[in-house]
Amino acid sequence: MTSRPTRLRRLAGWWQAPLPAPPQVLRRGPLRPDRFPSRLRSTRLTSQLGVALGVAFAVCFLTGLLSHLVLNPPGWFGWPARPVGLYRFAQGLHVATGLATVPLLGAKLWSVYHHLFRWPPVRSIAHAVERASVAVLVAAALFQVVGGVLNVSRWYAPMPYFFTAGHYRVAWLAIGALLVHVGVQLPAVRAALARPTDESPSDRLSRRGLLGGVAAAAGLVTLTTVGQTVRPLSGLAVLAPRRPDVGPQGLPVNKTAQRAGVAVRALDPAYRLVVTGPAGRTELDLADLHALEQHTAQLPIACVEGWSATGRWSGVRLRDLVALVGVDLDRATVVVESLEEVGRYRTSTVGPAHVRDPLTLVALRLGGAPLHLDHGFPARLIAPNRPGVLQTKWLGRIIVRQSR
Ligand SMILES: Nc1nc2c(c(=O)[nH]1)N[C@H]1C(S)=C(S)[C@@H](COP(=O)(O)O)O[C@H]1N2
Ligand SMILES: [Mo]
């Protein structure tokens, strides 16, 4: 009988046993020995880019995960109504770090792509597995960054999947492959960053120049896009597909009433907002809604596409409508339903924290004027610290439930 250590050693031997190299005649084109003469590529450069990219990916992953939880809350997850702009901040950071990743990832891939043509292509089973995991990482990272840029540009045609669902699943793949990669490369990165470099002064200057160029490119991308969510910089947002101040009533619109097919129903003089509860039901026309106590709140629309903009909304508190059907405020959950008949964003759920919050409104006005049809006339939901996709427009029905 073989002992365990012996078996383990045998396994390790098989795992790392050198494989025969392919015939030398295949060593042509990019596989040629001195095909990549650039002295700029070095482990130190790759490590420095890798650390920056690792930080950007981590921020992106965590803010993305948070957004996913807010949009698809599991039972254990509660999202507060305050601070008012927390979701906006997290989403803005997600998109900004994602966009800054574009030049970083480009430079990182440039600094290592000659490894693709390493000779021999695989040295051992272990080496083959490691190369495969890097392939998964590169594919997943490119998928995330390209998909994110397409989403921010609102160009969905090249993505035959529901963007947020695909983006979320591949994020786990990317972060898993990244952790494996960091585990494998950490010793090399530490050595490369610790060692006083043996590079010549001119090589050091070129490396620093390249790093400076990448940092400047990342800064420029940020400066020319972050204005889509940071209002004082909106004038610089030349690369952002959306300007937070361009649209009816000074606010962007994602889906117009025309496209949602709600114009006729929204403008119908017979419009009624229906409020139903476990024990009652009431219908309010526009005059009834305006006769209720009116409140004003300064709140942002924070779209997952990376733009956000603040408006001054006025209307009826959601909790006052809940009170009309006699449900205990502390345990009320509300489902709001749009006049829109189909579409992913026609309903949303408002949990107890948001139902209770005095800033959660069924808005009838924006910036002092009646809501523009494209902003959800006759009535829309607007609540603090909530993603834009959940700020349902063209409300037709409010369903109040008693939770627990
Ligand atoms: N009924 C309905 N409400 C909706 C949407 C929609 O498609 N249908 N889009 C949502 C999205 S994605 C955003 S970002 C906000 C945009 O609001 P705005 O057009 O007033 O800026 O509305 C949300 N409410
Ligand atoms: Mo959105």
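The following questions and answers cover the domains, salt bridges and ligand of a predicted model.

Local features here need pLDDT of at least 70, and side-chain atom pairs count only at pLDDT 80 or more, while totals for chains, interfaces and linings use all residues. Residues are numbered from 1 along each chain as its sequence is written, and side-chain values use heavy atoms, with hydrogens and water left out.

Student: What separation do the centres of domain 1 and domain 2 have?
Tutor: The protein chain is divided into domain 1 (38-236) and domain 2 (248-402), with bounds from an automatic or database domain assignment. Taken over C-alpha atoms, the distance between the two centres is 37 Å.

Student: How many residues does each domain give to the contact?
Tutor: Contact means heavy atoms within 4.5 Å. By that rule domain 1 gives 22 residues and domain 2 gives 25 residues.

Student: What area is buried between domain 1 and domain 2?
Tutor: The size of an interface is often given as the accessible area lost when the parts come together. Buried area is the accessible area (1.4 Å probe) that two parts lose on being put together, summed over both. Carbon and sulfur atoms give 51% of the area between domain 1 and domain 2, which is about 2,000 Å².

Student: How many salt bridges are there between domain 1 and domain 2?
Tutor: A salt bridge is a side-chain nitrogen of Lys or Arg within 4 Å of a carboxyl oxygen of Asp or Glu. The structure holds twelve salt bridges. Between domain 1 and domain 2 the count is two.

Student: Why does the salt bridge of Arg-82 and Asp-357 tie together parts that are apart in sequence?
Tutor: The side chains of Arg-82 and Asp-357 meet at 2.9 Å, N to O. Arg-82 lies in the loop between H2 and H3, and Asp-357 in the loop between helix H11 (352-356) and strand E7 (361-366), so the pair joins parts 275 residues apart in sequence. Helices (H or I, at least four residues) and strands (E, at least two) are DSSP runs, numbered from the N terminus.

Student: Which residue has a side-chain N or O atom 2.7 Å from a nitrogen atom of ligand 1?
Tutor: Ligand 1 is surrounded by 19 residues, each with a heavy atom within 4 Å of the molecule. Among the closest are Pro-252, His-375 and Arg-380. A polar backbone atom of Pro-252 is 2.5 Å from an oxygen atom of ligand 1. The side-chain atom that is 2.7 Å from a nitrogen atom of ligand 1 belongs to Glu-340.

Note on methods: Chains are lettered from A and ligands numbered from 1 in the order in which they are written. A polar contact is a pair of N or O atoms within 3.5 Å; within protein, one must be able to donate a hydrogen and the other to accept it, and residues adjacent in sequence count only if both atoms are side-chain atoms.
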